[in-house]
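Here is a short report on one protein structure. Keep the sequence and the 3D view open as you read.

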Amino acid sequence: MLRNSFNVAHALRNSFSSNVWRAASSHGPRQPLVSPERRLEKAHPTFTERSQLKYARRLVVKLGSAVITREDNHGLALGRLASIVEQVAECHLEGREVMMVTSGAVAFGKQKLAQELLMSLSMRETLNPKEGKEFDGATLEPRAAAAVGQSGLMSLYDAMFAQYGVKIAQVLVTKPDFYNEETRNNLFCTLSELISLNIVPIINTNDAVSPPMFIRDDEPAGGARRGIPIKDNDSLSAMLAAEVQADLLILMSDVDGIYNKPPWEDGAKLMHTYSSDDSNSIEFGKKSKVGTGGMDSKVKAATWALDRGVSVVICNGMQEKAIKTIIGGRKVGTFFTEATEHSTNAVPVEVMAENARTGSRQMQALTPAQRASAVDTLADLLVSREKFILEANAKDLAEAQKNGLAKPLLSRLSLNAAKLKNLAIGLKQIAEDSHKNVGRVLRRTRLADGLELKQVTVPIGVLLVIFESRPDSLPQVAALAMASGNGLLLKGGKEAAHSNRALMDLVTEALATVGAEHAVSLVSTREEISDLLSMEKHIDLIIPRGSSELVRSIQEQSLHIPVLGHAEGVCHVYIDRDADLRKALHIARDAKCDYPAACNAMETLLIHEDLMSGDIFTDVCNMLKREGVKINAGPRLNQQLTFGPPAAKSLRHEYGALECCIEIVPSLEEAINHIHTYGSGHTDVIVTENDAAAKHFLGSVDSACVFHNASSRFADGFRFGLGAEVGISTARIHARGPVGVEGLLTTKWILNGQDHAAADFAEGGERTWLHESLPLDD
C-alpha cells in the first residue's frame, strides 16, 4: 500500500526525471545513477508542504557528531543512536530507500584508545616510570582514532540494524572521490547496487587517510571542481542527496533548527520554514564543539541541495522520533522550501495564536455587557447577511456533490434560512447568559484577620477547535469563546471552505465592534493539523468536532495539549420489561431516525427478553424497517431467531446512518453491564414505567448523559439550554457531556492581604488562622 502511495506521489510531482536509481546489472558495465551532464540540473520539483513529506521515497539522513557523541566527546550516545537506527529501519521496512551519512568514528576510536592508553600507562609506569608519564589521553591523534573507531562503529551499526532484519554496508569516501569522474561514477553505481539489494548504505569519510575536510579546499587536477565544496558531512550529504536525486535530506544537529539569530540570544525565534528570501535575515553563532560544520554550513548545504530538487529539513537529532515525526508531516525543525509565506500572503499560524492570546486578554478586560454585545451583533449578522452566507454555502455544496461527498456529510454541510435563524436564537441565549461568566466568584474565605481569599472564574486561554463538514459549528463555537473571554483558532474542513470564510468575516466584524477582531482566527492555510497539535506554547485546549476517526486521531497525536471530546458515540436505548409500548416506539424512532449521523443517535437497541413474546419487539422492528433502518442482530437475538437479520459484526460500533444493532438482555443488570462493556460513555436511555428500575439505571450507568423516557437526541447544548456547545465530552475531568460556556472556563485564586507573611502563623507567631467561609456576594 505504501509503495503504491510513493508511486502515486511521484506521478503527481510533475513527471520526475526518468534518470533515477538505475540499478547496475551484474551482467553489464556499471552505469552511473545520473548522467554527468544532468548532475547539476534540477531533477524534479521539491515538496512545498510538510504534509507531502510522507511521500518521500529516497531519504538521506545525516547524523552530526553532536547527535551521536557523548558530551565528553569520548564514545557514543548509545541510547540516542539506537533510537535513530530504529527509525531508519522502520523507514526501510516501509519500502523507503534510505542512506545514512554518519560521524562518530573518531569519537568511538578515542574511547577505545583512551582505554588502551590507560592500561598501557599503568604497565609502562611499572616498567619505566619516566616513560609512562609522557602518555596523555589529550594527545590522541584523530586519524589514528578514526582508524580504530571505524570498524567498531560499523560493528555497532550492524548489531543494531540486525535486530530489525536490515542489512547494512559501509561506504568510505574521501574528498578526491568526488572530483575524479571515474571514482565518482563508481561510488554512485555502488550505492545503486546496494539499494537494489535492499541494503542500507552507511557513508562516512575515511578520516584515517584523508585530511580533515574543513582544513583546506583544494581544487582538483585541472581546476574543474564539480558541485558544492565538500568541507564537512553537511556538504557531503548535500552532494550525495543531489547525486542520487533523493526526495528528502534530513540534517540532524544538536539544535532545534534554524533561528533568526543564535538561539541563546534574546529574541531568537525558531524558523519553521526557510526560503531564499530569508538568507539575509539570520545571524549565525559558533559551530558545534564536536563537529566540523556550523549552522551556516548546514544552511549552505541545505540551500544547495534544495536548488537541485532535494527537500531538506534541519532538526534536532536528540528529539524523540525526529525522523518519523518529520515524515509524518509534523512541524519539527526547519523545512527548506521554495514556497514562501510572503507569496501566499498567509498569516503564520503562530502569529494567529499569539493574536488569539492577546485577544483573549482583551476580551477578558471587557465588561460583561461588551462581551454580550459582540455575541448579539454576531447573532444579528447571521440573519441580516443570510443571502451572503447561503451563496457561499451553495458553492461548497456544488463542489461537494461534484466530488461525490456522502449524503450524511452533505446534510451536515448544508445551511438554510431555518438553520441560520436557529443559530441566531442560540447565540442570543449565549449573549444573555454571558453576563455571569467571567469573574464570577465561586468561593470566599477569610483566612485570617485582614486576609481574604477568592476563587473566581477566568477563561482557559486559547482554544483550538477542529471541525469537519459543519459550517454552523463556526458561529456557535466563536460565540461561546467570545462569551467566555477565550481566544480561538478554528480549523474547518476544506469541503466547507467558502461557508467558513463567509461566517468568519461576520465573526471578525462582530469582534471589531469591541476592538478585539484578532481574538478569533480561521486557519485557512494548508497548515497540517499535526503542526497545530504541537503548539503547546500557544494553545491551551483542543476540541475536535467530527467523525470518531478525527477525534481519535487528534487524541492520539496531541502529546502535550489536553483534548476535550469523545471518540465515539455508541449510544444505547434500553426498553425495560415495564416499558410503555407507545413511548418505546416514539423514543426509539426519534433516537435513531431524527438525525442518524449525529453522535447522540441510538446505535444499539436493548430489549428485555420478556418482551420477545409480546407486541413490543415486533412493533419496534417493524417501525425501524418502515423508516428504512437496516437492523443487525446481537449474539443473543441471533440465537433465538431462525430467519432473523444478519449478525452484527461488532456490538461496539457507531453506524452514523440508518442502521443499528438490536440485542436482547435477560435483566436490567445485564443491560447496564452491556452498556458498560460496549458503550462509549456518551448517552444511554432507559424506557420504563418502573420508577425503581429507572432510578437504579440512572444511578448505575456511568455515562456523560443518562436519560429516563427521553430520546438520546436531547444530549445537545442548545436543548440543554446552554445556547450552543463546542462539543460533547466523555472525559472524566473538567467538563463532561454537552460543553457550553461553563466548560470553557477555569479558575484562579485572588488573595488580598495587608502585610501578611507565612511566618506570622508559625507556632508562637502573632497571627492565627480563621478559615471562615464568607457569602459569595461582596
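Cys660 is a buried residue, with a relative accessible area of 0%. Note that this is a predicted model. Cys660 takes part in no disulfide. The nearest cysteine sulfur belongs to Cys661, and it is 7.2 Å away. A disulfide needs two cysteine sulfur atoms within 2.5 Å. Cys705 is in no disulfide either, and its nearest cysteine sulfur, that of Cys571, is 8.5 Å away. Cys705 counts as buried, at 4% relative accessibility. A search of the whole structure finds zero disulfides.

**A helix with a buried side**

Now turn to helix 24, which spans residues 668–678. Which residues of helix 24 are buried? They are Leu668, Ala671, Ile672, His674 and Ile675. These residues cover an arc of only 160° around the axis, so they sit on the same side of helix 24. An α-helix has 3.6 residues a turn, so residues three or four places apart point the same way.

Next, look at helix 21 (residues 581–593) and helix 22 (residues 615–626). They pack at an angle of about 30°, and their axes are 10 Å apart. Angles under 35 degrees count as roughly parallel. Helix 21 and helix 22 are therefore roughly parallel to each other. The crossing of helix 21 past helix 22 is right-handed. On helix 21, the contact is made by Leu581, Leu585, Ala588, Arg589 and Lys592. On helix 22, Ile616, Asp619, Val620, Met623 and Leu624 make it.

Asn198 has a positive phi, although it is a residue other than glycine. Asn709 also has a positive phi and is not a glycine. The table sets out their values.

| Residue | Phi | Relative accessible area |
|---|---|---|
| Asn198 | near 65° | 48% |
| Asn709 | about 55° | 24% |

Where does Asn198 lie? Its place is in the loop between helix 7 (181–196) and strand 4 (199–205). Asn709 lies in the loop between strand 22 (705–708) and strand 23 (727–729). Is Asn198 buried or partly exposed? Asn198 is partly exposed. Asn709 counts as partly exposed too.

Key: Residues numbered from 1 in each chain as written. Predicted model: local features only at pLDDT ≥ 70, side-chain atom pairs only at ≥ 80, totals over all residues. Heavy atoms only, no water. Buried < 20%, exposed > 50% of the residue type's maximum accessible area, 1.4 Å probe, protein only. Helix = DSSP H or I, 4+ residues; strand = E, 2+ residues; numbered from the N terminus. Arc of directions from axis to C-beta. Axes fitted to C-alpha atoms, helices over the stretch in contact; angles between N-to-C directions. Parallel < 35°, antiparallel > 145°, perpendicular 65-115°, else oblique. Left-handed = near helix turned anticlockwise from the far one by under 90°. Contact = heavy atoms within 4.5 Å.
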